[in-house]
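Here are my notes on the model. Please read them with the structure open.

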Amino acid sequence: MATVNIYLTFNGNCEEAFTFYQSVFGGEFPYIGKFKDMPKNEECPEVSEADAEKIMHVTLPISKETCLMGSDTGGEWASSFQQGNNFSISINAESKAEADKLFTALSEGGQITMPMNQSFWGAYFGMFTDKFGINWMVNFDEQPKD
C-alpha cells in the first residue's frame, strides 16, 4: 500500500521554514539538497546563481508514518508560485507498477507536468495536477532510503 505525505513548496525560504518545523517536531533531516547539487545535463540545465543555494529537496520525518517534504521554487517554475496553494500530495508507491497505476488513474483529465520517468536521484517519479486542481507527486524508490 502506498504512503502519502505533504510536499510543501517555498519561494526561497524553504531552509528557514524547515529549520522552524524541525524546532517544533524535532528529528533530523535524512536528506537536504540544493539546486547547485543537481548533475549538469539536458534533464537538469545549469541553475542560476540566484537559485543555486535554494533547497531542491528536504525531508523531515515527523512520525513513523509521516514526513514533511519540501523545496524552493526557482527558474521558470517560480512564476507559478502562489502562496496558499504551494503544496502537493506526495505518494510513495511500493512498486513501479503501483506508481504507474496511481499516476495514470489520478492524472486522467488533468495536466501532467512531469511524466513518470527515472530521476537523477534514483527514483521513478512524476508530477501532475488532477482535474480538480490538486497537485500530486508519485514516487517509487527502487532502493529504499533508511
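1. Which residues of H1 are buried? Cys14, Ala17, Phe18 and Gln22 are. Buried means under 20% relative accessible area, exposed over 50%, and partly exposed in between (1.4 Å probe, protein chains only). Seen down the axis of H1, the buried residues fall within an arc of 140°, so they line one face of the helix. That arc is taken from the directions from the helix axis to the C-beta atoms.

2. On the basis of these notes: this is a predicted model, where local features need pLDDT of at least 70, side-chain atom pairs count only at pLDDT 80 or more, and totals for chains, interfaces and linings use all residues. Residues are numbered from 1 along each chain as its sequence is written, and side-chain values use heavy atoms, with hydrogens and water left out.

3. The other face of H1, turned away from the buried side, carries Glu16, Phe20, Ser23 and Val24, which are exposed. An α-helix has 3.6 residues a turn, so residues three or four places apart point the same way.

4. Cover for the buried residues of H1 includes strands S1 (3–10), S3 (55–61) and S4 (67–72). Contact here means heavy atoms within 4.5 Å.

5. Gly26 follows H1, with a positive phi near 80°.

6. Overall, the protein chain has three helices and eight strands. These are DSSP runs: helices H or I, at least four residues; strands E, at least two; numbered from the N terminus. Of its 146 residues, 38% count as buried.
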